[in-house]
Amino acid sequence: MQPFPYHVFVCDQQKPEGVPCCSARGSRRVVDALRGEVSAQGLADRVQITPCGSLGLCERGPNMVVYPEGVWYSGVTVDDVPEIVRSHFANGQAVARLANQDAQAVRVEIESNKSKMQASMRAKDAAGALPDELAQTIRGFQESRAILTAIELDVFTAVGEGASAVEAAAKMRTDPRATGMLLHALAALGLLAKSGATFHNTPVSARYFVAGSPDDSRAATMHTAHLWRRWSTLTDCVRAGAAVARRDPREPDDQWTEPFIAAMHRNARERAPHVVRAVGTEGVRRMLDVGGGSGAYSIAFAQAGGELHAEVLDKLEVLAIARGHIERAGLASRVTTRVGDLRADEFGAGFDLILVSAICHMLSPKENRDLLRRCHRALAPQGRLAIQDFILEEDKTAPKMAALFSLNMLVGTEGGASYNQSEYAAWLGEAGFREVSRIRLPGPSGIMLGQK
């Protein structure tokens with residue numbers, strides 16, 4: 001079977017620093033360049049590009065193999081890509097200067113590199129050294145902390161169209177020497193590029209972390225910076241059984257609220273289309289969005305259902321943010337807001353659909369039972385409750401993100417956690433819901449549905 005005239009495998013193997021590999025020689029940039037050039041030359045339906053593990057010619061990467069001919073290219077750079085696409089993929093002529101010609105020599109080189117790798121792995125194992133992937137995971141906080149500090153200091157905005165460490169430090173009012181160290185680390189992580197003494201933003205940092213960019217994610221990422229402090233208390237939380245950190249009452253509420261809602265809005269905009277399709281809007285005229293945050297889900301449901309009116313219930317300071325999103329969507333007449341306390345208030349009556357998204361994980365089992373009973377009372381006959389949240393598998397060891405998020409609730413709440421399907425089903429049944437079901441969505445979260 002040959003679904004595409006050409007199938008290109010590009011080595012993107014990552015190895016420990018100092019060990020020759022294609023990723024260290026720029027294979028990711030080559031992959032991106034190939035995809036862009038193939039599309040630009042109108043060949044996307046003829047050429048399949050697949051990053052892969054080691055091809056064995058590690059000292060001469062980046063390496064790629066083109067099938068069906070089986071042409072092995074080595075030392076490919078971004079500058080070589082247009083010629084390869086034009087000559088080989090468009091006109092069927094391999095680029096001889098980059099192609100390996102001696103199959104036996106390639107085989108010998110691959111076998112030699114394989115033997116070296118296996119010997120190295122045996123030596124590490126005999127020494128009792130941690131596996132590379134585990135060691136990298138343990139040290140992963142270093143990369144995260146460098147990026148979060150850059151966000152907190154607004155480094156990427158300070159770098160702008162280009163700046164030296166001294167110039168960036170002057171804008172941020174930071175120490176020039178320490179700023180230089182941070183900028184070099186960010187360059188090593190691929191978020192800055194350095195030319196001479198001048199640092200520049202890369203396409204990724206310019207898109208997401210510079211003030212005024214269309215996809216500016218600085219405010220949302222600040223939520224993660226705030227989580228850092230709480231996660232540093234995890235050891236004490238495990239000993240105590242609940243969160244031990246408390247927000248400093250001297251901190252303004254918006255220091256936490258705005259980044260948190262920005263992060264939730266970013267996630268909700270991505271998830272909302274999946275949720276709307278899964279739940280549906282047929283027969284829904286009145287919807288209540290409990291703890292609706294930025295209003296992203298209510299906006300998406302209103303856009304999908306022409307007769308649907310949604311009400312977002314949340315805290316006063318949150319609803320000020322939500323109203324801005326609702327007005328920009330042009331839905332102020334169909335999406336309204338109500339100040340309320342989801343932990344205590346009665347929600348009213350006659351709703352066809354109640355959405356509880358990313359709320360249950362903040363609450364204890366007792367609080368969730370109470371919340372679901374109040375939701376049941378607020379629904380019209382045949383009305384539905386949709387819970388969107390992380391849903392663990394029965395043994396609670398997967399999905400990984402949901403299991404880790406349970407720890408996020410441990411360090412940040414009194415009794416919150418991620419829960420599994422059986423727990424949600426039991427609570428829904430106790431509240432009086434029937435026809436309880438689970439809908440799996442792409443990603444770590446899912447939906448529990450119950451009907452009154």
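Predicted model: local features only at pLDDT ≥ 70, side-chain atom pairs only at ≥ 80, totals over all residues.
Val290 has Val356 as its bridge partner in β10. Numbering starts from 1 along each chain as its sequence is written, and side-chain values use heavy atoms, with hydrogens and water left out.

**Strands around β10**

- β10 also pairs in the parallel sense with β11, this time over six bridges; two strands count as paired if DSSP finds at least two bridges between them.
- Leu355 has its bridge partner in β11, namely Ala386.
- Strand β10 (residues 351-357) is mostly covered, with six of its seven residues buried. Buried here means under 20% relative accessible area, exposed means over 50%, and partly exposed is in between (1.4 Å probe, protein chains only).
- Strands (E, at least two residues) and helices (H or I, at least four) are DSSP runs, numbered from the N terminus.

**Helix α8**

- Helix α8 (residues 176-188) has 13 residues and spans 18 Å from its first C-alpha to its last, close to the 18 Å expected at 1.5 Å a residue. The expected span is 1.5 Å times one less than the number of residues.
- Thr179, Gly180, Leu182, Leu183 and Leu186 are the buried residues of α8. Looking down the axis of α8, they fall within an arc of 165°, so they line one face of the helix; the arc is taken from the directions from the helix axis to the C-beta atoms.
- Those buried residues pack against α5 (140-153), α6 (155-159), α7 (165-172), β5 (192-195) and β6 (198-201), with contact meaning heavy atoms within 4.5 Å.
- On the face of α8 turned away from its buried side sit the exposed residues Arg177 and Ala188.
- At the start of α8, Asp175 puts a side-chain oxygen within 3.1 Å of the backbone nitrogen of Arg177.
- Just after α8, Gly190 has a positive phi of about 85°.

**Salt bridges**

- The structure holds 20 salt bridges, each being a side-chain nitrogen of Lys or Arg within 4 Å of a carboxyl oxygen of Asp or Glu.
- Arg28 forms one with Asp12, their closest N and O atoms being 2.8 Å apart. This pair links distant parts of the chain, 16 residues apart: Arg28 is in helix α1 (residues 27-40), and Asp12 is in the loop between β1 (6-11) and α1. Arg28 is partly exposed at 37% relative accessible area, while Asp12 is buried at 16%.
- Arg97 and Asp80 form another, with closest N and O atoms 2.9 Å apart. Arg97 is in the loop between α2 (81-90) and α3 (103-127) and Asp80 in the loop between β4 (71-73) and α2, so the pair ties together parts 17 residues apart in sequence. Arg97 is exposed at 54%, whereas Asp80 is buried at 9%.
- Asp80 and Arg97 also belong to a salt-bridge network with Glu83.
- Glu393 bridges to Arg440, the closest N and O atoms being 3.0 Å apart. Here the partners are 47 residues apart, with Glu393 in the loop between β11 (379-392) and α16 (400-412) and Arg440 in strand β13 (residues 434-440). Glu393 is partly exposed at 26%, and Arg440 is exposed at 55%.

Technical notes:
Polar contact = N/O pair within 3.5 Å; in protein donor to acceptor, adjacent residues only side chain to side chain.
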